[in-house]
Amino acid sequence: MQYTRYHRTLGLGLAALLALAGCGKSADDEGAALLASDLTVLRYVPADSPYVLAALRPLPDDLLDVMEPKLDRVLRSYQSLLRHTVASALREGAGDGPDAEELERIMTVVDELTTLLSIEGLRAAGIERDATFVFYGHGLLPVLRMTLSDPAAFEAAINRVETRAGEGLSRRSIEGQAVREIEAEQVRVLFAVVDGQFVATAAPVAFDDAQLGRLLGLTLPAENVADARTLLELAERYDYTEHFVGFVDIRRLTEVFVGEPAGLDAELLEVTGINAARPPLSDVCRAEFRRVAAIAPRIAMGYNDVTTEVLATHAIVEVRDDLAAGLATLPAAVPGLGIDAGGLLSFGMSLNLRAARDFYEARLDALEAEPYECEQLVPLMAGIAAGRQALQQPVPPMVYDFRGFTAVVTSLEGMDLATNQPPTRVDGRLLLAMDNAPALVSLGQMFSPELAGLALEPNGDAVPLELPQLAALGGSAQVAMTNDAIAVSVGADDAPALERMLEAEAGAPGTLLAFGMDAGRYYGFIGQAMALEADEPGEEMPPEVEAAVTEMMAALSELYGRMTTSVRLTPRGVEMDSRVTLKE
């Protein structure tokens, strides 16, 4: 069947429908045993899959009771945005835009699809709270599986879309299984309901029924990821829950191209001509590409705290032990860094510059001791000489005293996005962490009469600070100092808050970067920005779309309280922790 805009729209709509079913659950209540049970969707996932993202347990019912009404508002608002986006994209197709009849037909399909963008629509399509899903690689090829509470209702929903369109997707039978498909150039996208699950995958058009049957799970893998206990081990190592856990295995992905691919990967590289097109790799190159992949062999992620008040996620780029140990020396202790200070937003970073220099030099030493010889990696060696030269440049000793900073903005006044008006007043405070803070102040006093007149002592007590640059931000300014830090506040921030900032403990060990914000106000700013984009010439936003944007951002601002994110360098690798609090 010819690949038309209708098929693309229908296919994208099916993908969007799947993305909305993000909370999975199973009848098995044995906790982490789900991650090692082949009675779940994991039975279809090969043990050697290079990437897996799985949700096997739902968010708690009381949490969903709070979230669903607000998310329903978001989904219903998204209906207007989707209609507007699709219509605009189709009209703007340069020389390839649809005629009026085809546009009307496509928008009819979109209208039917958008009826599914609501909690009620999802339930009517057989997608309940007890849906589970897994997205994984059958080798390199992607597969998504989602359980359905009512497969017949799901089929009926898709049939209604096809009926409204006046044309259905191509259908075929693979090993007795009914399959819908979209063919575009050399790629075939397949959709099917198998064993009460919706399955979507993509494959080269040259694949035969036996190969497609393996992708669809009609033929089960000899060993699955549950048997291998891969996800269970990840959950135990990083304290993940069954609500969401996953990984991307860099070494397995690399091995497909540098080793001897097996299974569907071997067949994929053969039918696509990649094997014939790529130059043969020498044994040296194979070994060195494996060496590079071993630097960061795997990325893992998952939920590690799920309550009615908090959703917390963790992700890690696992790093080779010796490199992780070196990276872990780079962060420095900065008061308050990594601890949510409240206010509109907070952010900060830390860095031990001496440790960074030593780490960089050690990496240059390691490259010189064991240089790359593969012709495709030799260019990496060219930077060694420049790196050595950079290390020879003199650096003022005071630079090495720097350890990082934290900043807190409690409020902004007078900012107008519509006129690009910057804030007329900022209330907040900034802390600069230094190994010898009094020396930095003494240096500043040599060049500034205002600083020279300060009665500032390293005892943590705040004193007034009168600088023209700070006065322009509105309100008063104060400064306080200890031997290890200098803190300045502007606006209405009071002296006790400034002094507490200096006394604060550092956050989690290894914190390199940290960010926190009031999510409600953030989504308010996003709503304003999206509306302003529509005011640009040629980008007018219809009133119904502007109303949808406002409603969507309002729903999100009523759902989320605060959001915090931190990046840490630890002996395990590069770790990122995110935490979202929910409003009652």
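1. Val189 belongs to strand β6, which spans residues 187–194; strands here are DSSP runs of E of at least two residues, helices are runs of H or I of at least four residues, and both are numbered from the N terminus. The model is predicted, so that local features need pLDDT of at least 70 and side-chain atom pairs count only at pLDDT 80 or more, while totals for chains, interfaces and linings use all residues. Residues are numbered from 1 along each chain as its sequence is written, and side-chain values use heavy atoms, with hydrogens and water left out.

2. Val189 has a relative accessible area of 28% and is therefore partly exposed, a class that lies between buried (under 20% relative accessible area) and exposed (over 50%), computed with a 1.4 Å probe on protein chains only. Not counting residues up to four places away in sequence, Val189 touches Arg180, Glu181, Ile182, Thr201 and Ala202, where contact means heavy atoms within 4.5 Å. The C-alpha atoms of Val189 and Pro204, which are 15 residues apart along the chain, are separated by 8.7 Å.

3. Asp72, by contrast, is buried, with a relative accessible area of 16%, and it lies in helix α2, residues 61–91. When its neighbours within four places in sequence are left aside, Asp72 is in contact with Ser118 and Ile119.

4. Strand β2 (residues 133–138) is mostly covered, since five of its six residues are buried. Strand β1 (residues 51–55) pairs with β2 in the antiparallel sense over four bridges, pairing being assigned if DSSP finds at least two bridges between two strands; Val52 has Tyr136 of β2 as its bridge partner. β2 also runs antiparallel to strand β3 (residues 141–147), to which six bridges join it, and here Val134 has Arg145 as its partner in β3. The hairpin of β2 and β3 has two residues between the strands, and in this hairpin Gly139 takes a positive phi near 70°.

5. Strand β12 (residues 402–413) is joined to strand β11 (residues 345–350) by six bridges, the two running antiparallel, and Val409 in β12 is the bridge partner of Leu345.

6. Helix α9 (residues 250–258) and helix α12 (residues 283–293) have axes that come within 9 Å and cross at roughly 165°, the axes being lines fitted to C-alpha atoms over the stretch in contact, with angles from 0 to 180 degrees between N-to-C directions. That angle makes α9 roughly antiparallel to α12 (under 35 degrees counts as roughly parallel, over 145 as roughly antiparallel, 65 to 115 as roughly perpendicular and the rest as oblique). From α9, Ile250, Arg251, Thr254, Glu255 and Val258 meet Arg286, Phe289, Arg290 and Ala293 of α12. The residues of this contact of α9 with α12 divide into four nonpolar, one polar and four charged, where Ala, Val, Leu, Ile, Met, Phe, Trp, Tyr, Cys and Pro count as nonpolar, Asp, Glu, Lys and Arg as charged, and the others, Gly among them, as polar.

7. Helix α6 (residues 209–216) packs with helix α10 (residues 263–271) at an angle of about 135°, their axes lying 11 Å apart, and α6 is therefore oblique to α10. Gln211, Arg214 and Leu215 of α6 make the contact with Gly263, Leu264 and Glu267 of α10; by class, the contact of α6 with α10 has two nonpolar, two polar and two charged residues.
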